[in-house]
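Subject: Structure handover

Hello,

Please find the structure below. My notes on what was found follow it.

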Amino acid sequence: DTAVFGLMAKHILELKEFPAYLVLMHYVGSMASYAGAVFFKFFGVSSTVFDLVGALFSFLWVILIFFMAKELLCRVGIVVALLSATLPFYGFLRYSLLTAQYGEAVFFMLLALFVLIKWAKSGYENDTAAPMLLGFCCGFAYWTTLGAVPEILTVLTIMLSRYRKGPFFKVALFFLAGFFIGYIPAIAHNLLYPYATLFRLAGKVFDLDRSVLLNPNLADIVFQRILLKISIIPVSFFKMPNLIASLIGVPAAALFIISMVFVTKDHGFRRGAGKDMWHILCIYIYWCVIFHIILVQSPRERYMAPLCIAFPLFIGYLVSRFRPRFRSLGIALLSIVILYNCYTIAYSFPDKNANRYTALAGRLVERGLHYGFSDYDTGYIAQFETKEKSIISPTLFHPTFCDRWPEETKRVRAAREIFYIIDKSVYPEAALALEKKCKERGITYKNEDVKGFGVYYNFSSKIFPEDLPIKKIEEETQARS
């Protein structure tokens with residue numbers, strides 16, 4: 001997906017397209033690609049430059065953690081929060097920095113919470129500019145990711161509690177005005193492609209494809225989809241600690257979960273939503289949990305990002321809550337977290353696959369290979385690394401799955417000469433299937449091994465993916481994984 005964002009940024013720079021979302025995924029905003037296009041303009045097109053997008057927003061996230069900590073914590077808590085944010089577990093870096101789509105999402109989700117907390121600190125005095133700014137942050141965050149839903153629900157909960165009578169409609173009106181301004185890219189997209197976002201959201205939540213939504217069978221949707229989703233709510237809930245640990249690390253996850261218990265005990269059961277700032281964060285945590293166990297179709301660690309955006313603040317609260325004579329215990333626990341996180345960062349950087357793709361891209365350019373087939377996990381990365389000197393269709397295993405640019409696939413199929421890239425470390429059976437089919441048909445070819453990638457080219461006769469019995473190979477490989 002990151003490579004696709006990078007390709008979109010290159011296309012934006014070249015004025016070829018102006019997408020509102022990740023291509024064919026109408027629930028992941030393309031803000032990272034527009035930021036990437038700006039970086040490409042000044043520093044050139046490369047994966048390293050595109051990583052600067054995530055680095056920028058991760059840096060802004062740390063700065064925002066500092067300002068929020070100043071509002072919520074004592075001096076010890078501020079230091080603890082900053083250390084937790086600056087040296088996080090590698091998994092959080094991967095999803096908030098290397099995968100740029102979460103870098104800006106994490107920042108704007110936290111920014112919305114910061115605006116809400118500042119509004120609460122002022123006693124909700126400003127009922128025009130503050131709700132409008134809050135609406136803008138929520139709308140922009142919701143464009144970048146569906147994970148901003150808990151924020152929106154938190155804001156609505158606060159507004160309904162604080163403005164039960166007449167002023168509520170005024171505040172809600174300004175909030176909605178700001179929301180629609182922030183959500184303009186998505187609104188414009190839906191004017192061009194009616195209901196696109198609705199279809200994708202419904203599909204993401206209830207695992208419904210477009211044909212089911214266009215010709216709905218109410219009984220099937222209710223009994224086989226919705227009731228099934230309700231039945232697995234307990235499973236989704238008890239999976240959350242493991243997913244949190246995968247995202248921010250086991251030591252930090254343990255402190256985060258313990259701190260949520262203490263914050264909830266100290267602030268979570270007070271009457272009247274939003275009376276203090278920690279109460280707001282408690283409400284947000286409640287909505288994050290409800291959102292995950294009810295609406296998220298396939299639990300994954302990156303879907304814990306909305307819940308974990310404020311984890312340094314909670315760890316800061318826990319350590320600062322220790323009595324002075326036990327404060328050293330809190331510092332010791334924090335030291336374990338930081339040492340563990342530093343180990344994971346050192347172990348995981350640099351990306352062990354980076355040199356493989358660099359070598360692969362170099363070989364494609366060197367051999368003058370312009371049009372080819374591969375799988376989704378390889379094709380678009382190689383295409384980006386060659387700066388689109390090679391156009392690669394990701395339809396090796398499936399004719400349409402994750403084919404972000406079908407017009408490019410048509411160009412590949414119409415090309416006079418094609419090549420194949422098969423990652424033999426993942427799909428060795430696919431390479432054998434291609435070689436066997438060529439032998440059966442008497443087709444000659446050249447084959448090179450590039451750091452585990454099989455590159456097949458100079459075919460004496462064209463052969464297409466549908467001619468190869470390899471669809472089940474991918475399914476079996478994924479099942480083994």
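A residue is called buried under 20% relative accessible area, exposed over 50%, and partly exposed in between, with a 1.4 Å probe and protein chains only. By that scale Asn-458, at 36% relative accessibility, counts as partly exposed.

On provenance: this is a predicted model, in which local features need pLDDT of at least 70 and side-chain atom pairs count only at pLDDT 80 or more, while totals for chains, interfaces and linings use all residues. Residues are numbered from 1 along each chain as its sequence is written, and side-chain values use heavy atoms, with hydrogens and water left out.

Backbone angles

Asn-458 is not a glycine, yet its phi is positive, near 55 degrees. Asn-458 sits in the loop between strand 7 and helix 24 (471–480); helices (H or I, at least four residues) and strands (E, at least two) are DSSP runs numbered from the N terminus. Lys-451, also not a glycine, has a positive phi of about 50 degrees. Lys-451 belongs to the loop between strand 6 (446–450) and strand 7, and its 48% relative accessibility makes it partly exposed.

Strand 5

Strand 5 covers residues 419–423, and five of its five residues are buried. Phe-419, Ile-421 and Asp-423 point one way, Tyr-420 and Ile-422 the other. In a regular strand, side chains alternate between the two faces of the sheet.

Two strands count as paired if DSSP finds at least two bridges between them. Strand 5 runs parallel to strand 3 (residues 371–373), with two bridges joining them; Phe-419 is the bridge partner of Gly-372. Strand 5 and strand 7 (residues 453–457) run antiparallel and are joined by four bridges, and Ile-422 has Gly-454 as its bridge partner.

Second largest pocket

A pocket here is an open set of points on a 1 Å grid over the protein atoms alone, where a 1.4 Å probe fits, with protein on both sides within 12 Å along at least five of seven lines; lining residues have an atom within 4 Å of a point. The second largest pocket has a volume of about 260 Å³, a volume being the space filled by probe spheres set on the points, which are joined across faces, edges and corners.

Helix 14 (233–248), helix 15 (250–267) and helix 16 (277–295) each supply at least two lining residues. Helix 14 gives the most, with four. The lining includes Phe-237, Met-260, Thr-264, Tyr-286 and Leu-307. By class, the lining has 10 nonpolar residues, one polar and no charged, where Ala, Val, Leu, Ile, Met, Phe, Trp, Tyr, Cys and Pro count as nonpolar, Asp, Glu, Lys and Arg as charged, and the others, Gly among them, as polar.

Regards
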